[in-house]
Amino acid sequence: MNGKTIIQKVKTSSVVAITILLIGIVVLFSFLSPQFLTGQNIMNVLRQVSMIGIAGCGMITVLLTGGIDLSLGAMVKFINIVCATMMVTWGMHPIVACLLGVLIATALGTVNGFLISKFNLMPFITTLCMKFVLQGLSFIITDSQPIYGLPEGFKVLGQGYVLGVPIPVILMLILIVLTGIFLNRTYVGRYFYYLGGNEEATKLSGVNTKLIRVLAYTLTGFFTGIAAIVWLSRVNSGQPATGTDFEFDVICGLVLGGVSASGGEGGILGGLIGIVAIGFLNNGMTMINLSEYHQMVVKGLVLLLAIGMDSIKIMMRNKQSKAKA
């Protein structure tokens, strides 16, 4: 198997396209709202997208294998509630509670991957079921009531700064760099591309495709757990409403950034730009007082556009392959 032809790195055209879109969003809302293009608002947007970017470091591995995980938002909600309960109700040290929270999220991701890989279940259905289970458990644990009284020092992770830059943004950038190195510079990272590009050929080359698929969902759980901890620190309370439609922003940002929903193509750089674009879009719509329902319409159309462009790109590539053959 020729790795250079199968591994789909970030294409210049995809990065340029999403960068142009990002600039267009910024210019549009700068005209519509004088407060949009201010230093404070930009930092606010970057802080908001940091959780999406962190979770995206895991979701990209799932998308590259041709899968999907719809349980991210519910997982964030559940880990928020569990960690808040451990700290407030059980009096557990924040570091221990956070480590356990990430461990639980990682285990939940592994369960998703195991069910999908071992029993050949559809990723869409499997993760949707997990979403409902975790949502239900979150409301049962809290009785739909917020959890307050977290340790004062805990909020530094989500609200603190280092040299004027929000700590969540620094954490996101570090994890994104590490993810890029992992995907492009290690054999295991490349297997995600192989699996999504041609599963049968990947099997014949001796790669344990079932294990790689489980690993993809395990990594998604791990990074989502970190995002959940940052989110909990940012709001400084366990909120049952946390994480609503979170997976939509993650998937939409990655697909907009050139990560193929069909697998095998894309990179973390384009995904990051796509996620930032979604963050500015959400922020801009809120600043011009666009209603929640109108925002849902816009975001749905944006995701549809991204998937449509991805499908067109795949069809064109298939036609070129047939023409060369």
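Buried means under 20% relative accessible area, exposed means over 50%, and partly exposed lies in between (1.4 Å probe, protein chains only). The model is predicted: local features need pLDDT of at least 70, side-chain atom pairs count only at pLDDT 80 or more, and totals for chains, interfaces and linings use all residues. Residues are numbered from 1 along each chain as its sequence is written, and side-chain values use heavy atoms, with hydrogens and water left out.

**Exercise 1.** Which residue of helix H14 does aspartate 249 of helix H12 pair with, and are the two partners buried or exposed?

Solution. Step 1: the side chain of aspartate 249 meets that of lysine 299 in a salt bridge, at 3.2 Å from N to O; a salt bridge is a side-chain nitrogen of Lys or Arg within 4 Å of a carboxyl oxygen of Asp or Glu. Step 2: aspartate 249 lies in helix H12 and lysine 299 in helix H14 (residues 292–324), so the pair ties together parts 50 residues apart in sequence. Helices are DSSP runs (H or I, at least four residues), numbered from the N terminus. Step 3: aspartate 249 and lysine 299 are both buried.

**Exercise 2.** Where in the chain do lysine 131 and glutamate 247 lie?

Solution. Step 1: their side chains form a salt bridge, 3.1 Å from N to O. Step 2: lysine 131 is in helix H6 and glutamate 247 in helix H12 (residues 246–256), 116 residues apart, so this pair links distant parts of the chain. Step 3: both lysine 131 and glutamate 247 are buried.**Exercise 3.** Which residues are linked with Arg213 in a network of salt bridges?

Solution. Step 1: the network links Glu199, Lys203 and Arg213. Step 2: in the pair of arginine 213 and glutamate 199, the closest N and O atoms are 3.6 Å apart. Step 3: arginine 213 counts as buried because its relative accessibility is 15%, whereas glutamate 199, at 31%, counts as partly exposed.

**Exercise 4.** Describe how helices H5 and H6 pack.

Solution. Step 1: two packed helices are described by the angle between their axes and the distance between the axes. Step 2: the axes of H5 (residues 94–118) and H6 come within 9 Å and cross at roughly 145 degrees. Axes are lines fitted to C-alpha atoms over the stretch in contact, and angles run from 0 to 180 degrees between N-to-C directions. Step 3: the contact (heavy atoms within 4.5 Å) involves residues including Leu108 and Val111 of H5 and Thr127 and Met130 of H6.

Methods: Helices (H or I, at least four residues) and strands (E, at least two) are DSSP runs, numbered from the N terminus.
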